[in-house]
Amino acid sequence: MAANSTSNNSGLSGPGNDGKQNWAASPATVFNHFATSGLSVAVATAITHPLDVLKVRLQMQLVGQKGPLSGMGQLFFRVVKNEGPKSLYLGLTPALTRSVVYGGLRLGLYEPSKYACDFAFGSSNVLVKIASGMFSGAISTALTNPIEVLKVRLQMSSDMGKGGAILELRRTVSEEGIKALWKGVGPAMARAAALTASQLATYDETKQILVKWTSLEEGFHLHLISSTVAGILSTLITAPIDMVKTRLMLQRESEGIRIYKNGVHCAYQVLLTEGPRALYKGHLVIDQNWIDILAWNLWCNKALLDFEEVSASRMNNDDLTSNFLSTTTARHKLCS
């Protein structure tokens with residue numbers, strides 16, 4: 001029993017434990033984290049991809065002018081009627097590719113950045129976790145920005161979709177240069193960082209309020225409500241940045257018209273020529289982002305709750321404290 005207790009506590013750091021932070025992880029653990037992260041996001045992406053296509057097209061309505069905007073329902077029927085149901089899945093290949101790569105990178109970069117902060121500042125509190133999540137999200141977004149550019153451009157035009165992502169890649173590089181694959185990378189990184197920070201803060205705060213003021217306890221319903229609130233508020237915060245990102249990615253240098261110089265100039269021009277509501281084009285009805293957040297948080301928490309139940313049933317009372325600390329840390333790690 002002593003041997004088991006020593007083994008369970010060897011990977012923890014903190015008061016009462018003189019062991020160093022365990023940076024190493026087995027190949028099976030790394031692969032499992034990468035695969036489950038990428039797969040869960042990919043499934044959510046595949047299901048909600050039509051909403052993403054409609055969102056991009058709504059964001060490009062009446063560029064540079066004011067006027068009545070089409071709603072999600074109107075646009076849906078128009079697209080299906082004029083271009084066919086398949087048009088709702090334009091850009092699906094790069095979308096799935098980005099989901100798997102981004103999901104894996106974001107989770108893979110989170111641990112090293114958190115450990116680096118822990119090593120440098122001697123702390124791993126919630127602010128360090130939020131900063132680590134913002135860093136991993138921003139860097140992962142920068143690395144996958146070329147795939148996002150291809151996805152958005154394919155989603156916008158059915159004619160381009162016929163050639164696929166490879167043809168669009170060749171066209172972009174040959175006509176605009178390789179730098180064009182990183183258009184909108186600034187707003188994209190800012191959006192990823194803001195999304196992570198707002199999601200974490202809102203999710204944890206909502207859970208605390210619900211536990212304090214309602215009869216809800218730790219479980220599915222608590223995570224469902226908290227994830228929904230976090231997704232909606234995160235969308236409201238990041239929607240303007242997402243709209244600016246889309247406009248920059250769809251701006252083609254080969255056409256000789258450069259409306260926007262950068263992200264700040266784009267936001268200013270949109271406010272000046274289209275009004276404040278234009279920053280929320282494509283987001284007022286429904287958005288894919290909070291659905292992805294909801295699915296991801298629910299998956300993480302369900303898996304960790306199952307793990308806690310199984311672990312608790314197999315461990316004696318002396319090991320429960322160690323198990324609680326490790327699984328609580330894992331919840332913040334996976335769901336941030």
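A: The bend at a residue is the angle between two fitted axes, one for the seven residues ending there and one for the seven starting there. Helices are DSSP runs of H or I with at least four residues, strands are E runs of at least two, and both are numbered from the N terminus. The part to look at is helix 10, residues 220-249.

First, some ground rules. This is a predicted model, where local features need pLDDT of at least 70 and side-chain atom pairs need 80 or more, while totals for chains, interfaces and linings use all residues. Residues are numbered from 1 along each chain as its sequence is written, and side-chain values use heavy atoms, without hydrogens or water.

Now the setting. The protein has 13 helices and 0 strands. Of its 336 residues, 44% are buried. Buried means under 20% relative accessible area, exposed means over 50%, and partly exposed lies in between, with a 1.4 Å probe and protein chains only. Contact means heavy atoms within 4.5 Å. Among contacts between residues at least 6 apart in sequence, 75% join residues at least 24 apart.

Back to helix 10. Helix 10 has 30 residues, yet its end C-alpha atoms are only 38 Å apart. A straight helix would reach 44 Å at 1.5 Å a residue. That expected span is 1.5 Å times one less than the number of residues. There is also a kink in helix 10, of about 50°, at Thr-238.

Next, the nonpolar side chains. A nonpolar core is a set of buried Ala, Val, Leu, Ile, Met, Phe, Trp, Tyr and Cys residues joined through side-chain atoms within 4.5 Å. The largest one here has 8 residues: Met-243, Val-244, Leu-248, Tyr-260, Cys-266, Val-270, Ala-278 and Leu-279. Helix 10 and helix 11 (263-274) each give two or more residues to this core. The largest share, 3 residues, comes from helix 10. Leaving out residues up to four places away in sequence, Cys-266 touches Val-244, Arg-247, Leu-248 and Tyr-260. Another core, of 6 residues, lies apart; Leu-54, Leu-58, Val-79 and Leu-88 are among them.

A salt bridge is a side-chain nitrogen of Lys or Arg within 4 Å of a carboxyl oxygen of Asp or Glu. The structure holds 17 of them. One joins Lys-245 and Glu-148, whose closest N and O atoms are 2.9 Å apart. Lys-245 sits in helix 10 and Glu-148 in helix 6 (residues 145-156), so the pair ties together parts 97 residues apart in sequence. Both Lys-245 and Glu-148 are buried. This pair belongs to one network of salt bridges that share partners. The network joins Asp-52, Lys-55, Arg-98, Glu-148, Lys-151, Arg-191, Asp-242 and Lys-245.

Other pairs lie elsewhere in the chain. Glu-176 and Lys-183 meet in a salt bridge at 2.9 Å, N to O, and both are buried. Arg-57 pairs with Glu-83 at 2.7 Å between the closest N and O atoms. Arg-57 lies in helix 2 (residues 27-59) and Glu-83 in helix 3 (residues 72-83), so this pair ties together parts 26 residues apart in sequence. Arg-57 counts as buried, at 9% relative accessibility. Glu-83 counts as partly exposed, at 33%.
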